[in-house]
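Work through the exercises below with the sequence and the model side by side. Try each task before reading its solution.

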Amino acid sequence: MSDSSKPVDSSRRTAIGLTCAAGAVGGAAVAIPFVSSFAPSERAKAAGAPVEVDISTMQPGDLKRVEWRGKPVWVVRRTEEMLGTLEKTAPKVADPDSLRTAFPTPDYARNPHRSIKPEYLVVVGICLHLGCSPIEKFEAGGDPSLPDDWVGGFLCPCHGSTFDFAGRVYKNKPAPDNLEVPPHMYLSESKILVGDDSKA
Ligand code: FES
């Protein structure tokens with residue numbers, strides 16, 4: 001598993017370059033108002049910019065983490081076995097069809113696998129109870145912190161919410177909703193853009 005993210009918007013670097021140039025040419029009196037009026041909006045733009053995720057080297061079963069808007073986003077390349085568990089977990093999860101609206105699931109992920117392509121799950125890795133980040137528990141059974149019939153998924157260690165391989169929360173858990181599916185789309189077979197689904 002490896003992490004990589006590349007903000008699409010490279011204008012921040014340009015802005016820094018322009019700011020330095022303004023300081024060098026016009027002196028501090030010119031540069032200060034320029035910095036205060038220009039830098040914050042550029043920072044904000046970079047912080048909210050979509051993030052490209054290269055999935056070309058991901059193997060079945062891998063989870064890749066990227067950061068988008070200060071939040072962890074996971075891309076999971078699910079195996080056939082992982083996908084096969086979703087039918088079994090559907091009767092046990094609180095909102096199998098992702099109909100809840102607090103964190104609406106985009107239409108293109110409102111399906112049993114909660115994704116555009118079944119193989120790849122893209123979710124925000126934050127539990128919607130109190131904001132902890134769940135951990136991978138991909139192995140079935142054999143873990144005392146999980147039910148005996150555990151088929152694999154995610155566990156939030158804070159108060160025990162559990163999620164299946166589609167990020168759907170199990171019934172009667174503190175988390176009020178499934179893991180959020182962020183807006184995203186495929187730029188190619190090997191690249192996903194997180195934060196923009198205008199062409200999804
Ligand atoms: S924060 Fe996840 S169960 Fe409480």
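The exercises go from the whole chain to single residues.

**Before you start**

This is a predicted model, in which local features need pLDDT of at least 70 and side-chain atom pairs count only at pLDDT 80 or more, while totals for chains, interfaces and linings use all residues. Residues are numbered from 1 along each chain as its sequence is written, and side-chain values use heavy atoms, with hydrogens and water left out.

**Exercise 1. Decide where the model can be read in detail.**

Step 1. Start with pLDDT, the predictor's confidence in each residue, from 0 to 100. The chain has a mean pLDDT of 83. Of its residues, 76% reach 70 or more.

Step 2. Over residues 1-38, pLDDT stays under 50. For this stretch the model has 37 contacts beyond four places in sequence; a contact means heavy atoms within 4.5 Å.

Step 3. Apply the general rule. Where pLDDT is low, the predicted coordinates should not be read in detail.

**Exercise 2. Describe the chain as a whole.**

Step 1. Count the elements. There are three helices and ten strands. Helices (H or I, at least four residues) and strands (E, at least two) are DSSP runs, numbered from the N terminus. Along the sequence the pattern reads β-α-α-β-β-β-α-β-β-β-β-β-β.

Step 2. Check burial. Buried means under 20% relative accessible area, exposed means over 50%, and partly exposed lies in between (1.4 Å probe, protein chains only). Of the 200 residues, 38% count as buried.

Step 3. Check contact range. Take the contacts between residues at least 6 apart in sequence: 57% of them join residues at least 24 apart.

**Exercise 3. Find the disulfide and say what it ties together.**

Step 1. Apply the cut-off: a disulfide is a pair of cysteine sulfur atoms within 2.5 Å. The count comes to one. Cys132 is joined to Cys158, S to S 1.8 Å.

Step 2. Cys132 lies in the loop between S5 (120-124) and S6, and Cys158 in the loop between S7 and S8, so the bond ties together parts 26 residues apart in sequence.

Step 3. Assign the hand. The torsion about the S-S bond is about -100 degrees, so this disulfide is left-handed.

Step 4. Compare accessibility. Cys158 is partly exposed at 36%. Cys127 is buried at 2%, and Cys156 is buried at 2%.

**Exercise 4. Classify two aromatic pairs.**

Step 1. Recall the rule. Rings of Phe, Tyr and Trp (its six-membered ring) pair if their centres lie within 6.5 Å; planes under 30 degrees apart count as stacked, over 60 as edge-to-face and the rest as tilted.

Step 2. Take Phe138 and Phe154. Their centres are 5.5 Å apart with 80 degrees between the planes, an edge-to-face pair. Phe138 lies in the loop between S6 and S7 and Phe154 in strand S7, so parts 16 residues apart in sequence are tied together. Phe138 is partly exposed at 21%, whereas Phe154 is buried at 0%.

Step 3. Take Trp150 and Tyr170. The centres are 5.9 Å apart and the planes at 40 degrees, so this pair is tilted. Trp150 is in the loop between S6 and S7, and Tyr170 in the loop between S8 and S9. Both are buried.

Step 4. Ring pairs link Trp74, Phe138, Phe154 and Phe165 into a cluster.
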